[in-house]
2 protein chains.
Amino acid sequence: MYKETSIKDVKITGGLLHEKRMLAAGKTIPYIKKALNDEIEGIEPSGAFENFRIAAGESDREFYGLVSQDSDVYKWMEAAALALQYENQETLAAFDEAADLLKRAQQKNGYLNTYYIIHGLKDKWHYLKESCQLYCAGHLIEAAVSAHQVLGRTDLLEIAEAYADYIDHCFGPEAGKIRGYDGHAEIEPALYRLYEDTGIDRYKRLADFFVEERGRKPYFFSEEPRNTNVGNNLVYELDESDYRHSQSHLPIREQNEAVGHAVKAMYFYTAAADKARLDHDMDLFQHVKKLWRNVTEEKMYLTGAIGSSAYGESFTYPYDLPSDLMYGETCASIGLFLLSYHLLLIENDSQYGDIMEKTLYNGILAGISESGTEFFYTNALEIDPERCEKRQDYSHLKYERQPWFDCPCCPPNIARLLMGLNKYIYTGDEHNFNIHLFINSEADMNGWTVTQDTVYPRAGEIRIRVRKADSTPGVLRIRVPSWCGKIRIKKNRQEIHPVINRGYAEIEQECWMEETEIQVDMEMLPRKVYASLQVHSLIGKAAVMRGPVVYCAEEADNGDLSGLFFKRKGNLSGDVDLIYAEGYRCTKKETGLYGCEPPQFEDNAICLVPYYHWGNRGKGGMCVFMKER
Amino acid sequence: MYKETSIKDVKITGGLLHEKRMLAAGKTIPYIKKALNDEIEGIEPSGAFENFRIAAGESDREFYGLVSQDSDVYKWMEAAALALQYENQETLAAFDEAADLLKRAQQKNGYLNTYYIIHGLKDKWHYLKESCQLYCAGHLIEAAVSAHQVLGRTDLLEIAEAYADYIDHCFGPEAGKIRGYDGHAEIEPALYRLYEDTGIDRYKRLADFFVEERGRKPYFFSEEPRNTNVGNNLVYELDESDYRHSQSHLPIREQNEAVGHAVKAMYFYTAAADKARLDHDMDLFQHVKKLWRNVTEEKMYLTGAIGSSAYGESFTYPYDLPSDLMYGETCASIGLFLLSYHLLLIENDSQYGDIMEKTLYNGILAGISESGTEFFYTNALEIDPERCEKRQDYSHLKYERQPWFDCPCCPPNIARLLMGLNKYIYTGDEHNFNIHLFINSEADMNGWTVTQDTVYPRAGEIRIRVRKADSTPGVLRIRVPSWCGKIRIKKNRQEIHPVINRGYAEIEQECWMEETEIQVDMEMLPRKVYASLQVHSLIGKAAVMRGPVVYCAEEADNGDLSGLFFKRKGNLSGDVDLIYAEGYRCTKKETGLYGCEPPQFEDNAICLVPYYHWGNRGKGGMCVFMKER
Ligand SMILES: [Zn+2]
Ligand SMILES: [Zn+2]
């Protein structure tokens, strides 16, 4: 078991993700600030910053937007704080301004939610099932902890702690307190972060209460008072009795299947993993792991997207993974990334890192445009633009990234994930140093100094240099990805054959004081991937991957995609940006809508690009899994 | 151009459809009566008959059900009247009772709609877009005309005429009248039938007004007063500005594409065809034909199902014909059958008869169970039971016929179509006798006496005996179905080679006074059918047909269907009830959710049954188009 890695201990120095981070810091974060401040013409007004000004008594406008809106400001603040690991005067000034505004909007007792402040605090803590108050508070806390860790500043932390204290005053198992929880988990993992950052026990106790209370009977959501105002600003409206949607149908320790809203599920399971880790509660860990396995073995797309249904943005049933009529919210993949990391802190097993890189290079990276200012909310594996435009049941799917959303949860979430990537690359302590992700970076933690040089995932070679400050023995562990069939490892230019333990190549040395050079060379050829036959919609289809990167065919390169087939046992050539697959195009003498004329198949190479790259060339279709014959 | 064939002129004497008619007369019609009268336990109460009793002042309950509910009583009455071509005391008594009840419920001025009578006639004629008043009136009129034609009784006709007169008093182009129309077409074709039955011109003038007024600007539906009560009983709730949904976006003569609610469209186009026929208006005919072609060449399933989307129960865009996520309401196929017949009255071309038999033997017959008391509302070409049960976006699709529906439009509609089938088999006048459908039957019309002996569609042999009362020359026309590749015709046992004109084998004789025997022998082998490549969802797939009958694979015969493939150029054997297709089953060494292990294909015969037969053996999947390799 490890503590979360400190973001300050790792520097990212180059490569694909570094480029994306620079884009996020330079373009995305300023853009989101403007969007939340209603400064961008032609997009849905947000009202998010204005709501804080109204709450502070500095504007006489009316609350605007969804009840969850405050969270977007907080997520942007967390992204901005993380981005300030690189100097940026504009972002710093915007962050300062926002922190000051929050201070002015906060109530004397610590309460801070613009919707309820603006509405005279009427019905506050009512209808927690849908009001997102604790969800918003959670994101405030996360922003504050990140600002504290990266910038050392305590102003936001004071605001967050005051609010957390007030929540602690209102919620809990004690008589007179509300035995409730939020319809959207988030306060739970946030309170664990606050506890680990401040060391204050009561935050952990409160988080523990929220984690264990959810799903107990009588159901809180069936008993709690209903808020009469909040109705018009709801995010979801679902069957009242659908407790599964918010994972509140059963206590966490009785849940065996991932159900309901995919983002809510990931955040809640992450908190449960934190509790397991902090309490050394292996029983709870096994439960969370079971839920994670249910997701990754039965309910996850090849790209790490999760959530097969737009209805409730939710999981459906095992192996129901249609490529087209799906959801795959960017935030849900981010949630799966976070959950995997929090499990990895407990158990050093490569399956978690495999899922982290799968979501990162596919479902998450696809969420942001190459300009940094457009976003996917849903991430389907197959898009037919006409269908998205003309069928109501596909209307949640888009063929181009959007400049903004009514519910803009995803854009600041990608930004904060990218800017916070530092902490997910390595874990360890003074005895062990574990390398999970292959990213050009320098780490200086627990006495270890490690650098990685690589252009991964563009190629599979990684040069690692390791030193350790003291002369004690230590183990360096390098994740061997599950996609990798052939790996060669050299230590100081001599090939070695280290033990592979739970998916990690383990290199032990009595002393690491002198710099040791490790070279890893993973064969990274394009390969065909097939789904389990349990995934009915994918029978007879194949996809192409290279390393952790999923590829797709775009109409921009191939023309109409509907008639393309991969050639069974066909050759795959090319790499990195472009792969060519041998294939066929279906042709047919047209004899009306239906006829006896059979189709013919002509040789036709299929051009494939990384999935994360798709949709940057205007309107057009896209397809990951294609028919094979 | 022909008049509608009189139902009294034709007797159906045997065969598949005769069996279905006997089932409808003996089981379905009594069952529906009971359902509408709330006498069947365990199903949704209907309230339909009770509403009439309340309206007549004989019950003090409250209106129950949808605003369109009266129409179900009327459609049942039409089915019952048509069924009374066969003696049945129970049905006769029920019909009498219903006719009496209607008389007592009708207002002095002729108005008759239980929803508005019960609500004190408040806001009557408001919100015609959704209130279904004229739609219900149309079904009353059709029931009355059928009762008049089959039974010679005028009691229902008097009620219908009184109501039609009152509608004529309220609606029309004249000052002081409402220049409006109903959101769901039906009054229009009904008024043409009433005109043809009674010869009263004002019914035609009123129908003409409704046909031509729809879609004129300013839009009636944007100007009409809104009914405040009707809201809770609406059938549809869609975007206010969606005039396409009710085909009221443009005048009929400017419409070039079939859009909106599929049933509404079929009924409206049918009325327009009637107007074209009665006015000899070839310009209007060409327009309606264009719409019909748009449906049958771009928007129709192989089974004759129409309506690709549950949203609005409507057409989508050309070639958008997904087999699974579709609608295909039984009533819409019935509407397409009716429209085709009304066009056929204008133009004797086999394409209309082809569509009539396609819808009849597939989309329509599938709508009713072999017990006669369960029904499909939607008719998909591919059903995965788990998906229907567990995905909200598939929840309108069922794997078993249902005993009843909130909106029970389909059950009485199938019943009335089956019982009225007599009139769709033949058309003609004293010079011509046209055979469109191949059904064991005897016709005695316009001096012609014709009998058909056949087990069609079980086999392709038809024995026709023809006489004509007078010695004038005449042409016998026999439709040559488009599915038929080889046909042999014998006259009095001598093979002949008649001219094929617009899809009909034309047999001319100077005199038909002596009985002439015509034998038709159509080769009816199972065959593979492929869709146009424009139908993207069907590329790489094939279906099997035999004659006009579409076949499907059921889980009951084949086990899990998802891994089955037809063998390209594979043999098809068997006939009628069971066809075997050479095929494969996909197998795979399972290596988790995704892996590099390619699938294998083992020989596996696929068992196929008629589509109309499916779903009578408990829970299980079904598939019409299957992958081929
Ligand atoms: Zn999101
Ligand atoms: Zn219907």
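Visitor: How many salt bridges are counted between chain B and chain A?
Guide: This is a predicted model. One such link joins the side chains of Arg391(B) and Asp320(A), at 2.9 Å from N to O. A salt bridge requires a distance within 4 Å, so this pair qualifies. The count between chain B and chain A is two salt bridges.

Visitor: Which element gives the largest share of the side of chain B that touches chain A?
Guide: Several elements of chain B give two or more residues to that side, including α13, α16 and β20 (583-587). The largest share is five residues, and the element that provides them is β14(B).

Visitor: What area is buried between chain B and chain A?
Guide: The contact takes 61 residues from chain B and 61 residues from chain A. Carbon and sulfur atoms give 60% of the buried area. The area is about 4,500 Å².

Visitor: Which geometry does the site of the zinc ion (ligand 2) have?
Guide: The zinc ion (ligand 2) is coordinated by Glu329(B), Cys331(B), Cys409(B) and Cys410(B), at 2.0 to 2.3 Å. The angles among the four donor atoms are 90 to 118°. Four donors count as tetrahedral if all angles lie between 85 and 135 degrees, so the site is tetrahedral.

Visitor: How many residues apart are Glu329(B) and Cys409(B)?
Guide: Glu329(B) lies in the loop between α13 (282-298) and α14 (330-344) of chain B, whereas Cys409(B) lies in the loop between α16 (385-390) and α17 (410-419). The pair links distant parts of the chain, and the separation is 80 residues.

Visitor: Is Glu329(B) buried or exposed?
Guide: Its relative accessibility is 4%. Buried means under 20%, so Glu329(B) counts as buried.

Terms used
Residues are numbered from 1 along each chain as its sequence is written. Chains are lettered from A and ligands numbered from 1 in the order in which they are written. This is a predicted model: local features need pLDDT of at least 70, side-chain atom pairs count only at pLDDT 80 or more; totals for chains, interfaces and linings use all residues. Side-chain values use heavy atoms; hydrogens and water are left out. Donors are N, O and S atoms within 2.8 Å of the metal (3.2 Å for Na, K and Ca); water is not among the atoms, so sites may look incomplete. Four donors count as tetrahedral if all angles lie between 85 and 135 degrees; four count as square planar and six as octahedral if opposite donors are over 155 degrees apart and all others between 65 and 115; anything else is irregular. Helices (H or I, at least four residues) and strands (E, at least two) are DSSP runs, numbered from the N terminus. Buried means under 20% relative accessible area, exposed over 50%, partly exposed in between (1.4 Å probe, protein chains only). Contact means heavy atoms within 4.5 Å. Buried area is the accessible area (1.4 Å probe) that two parts lose on being put together, summed over both.
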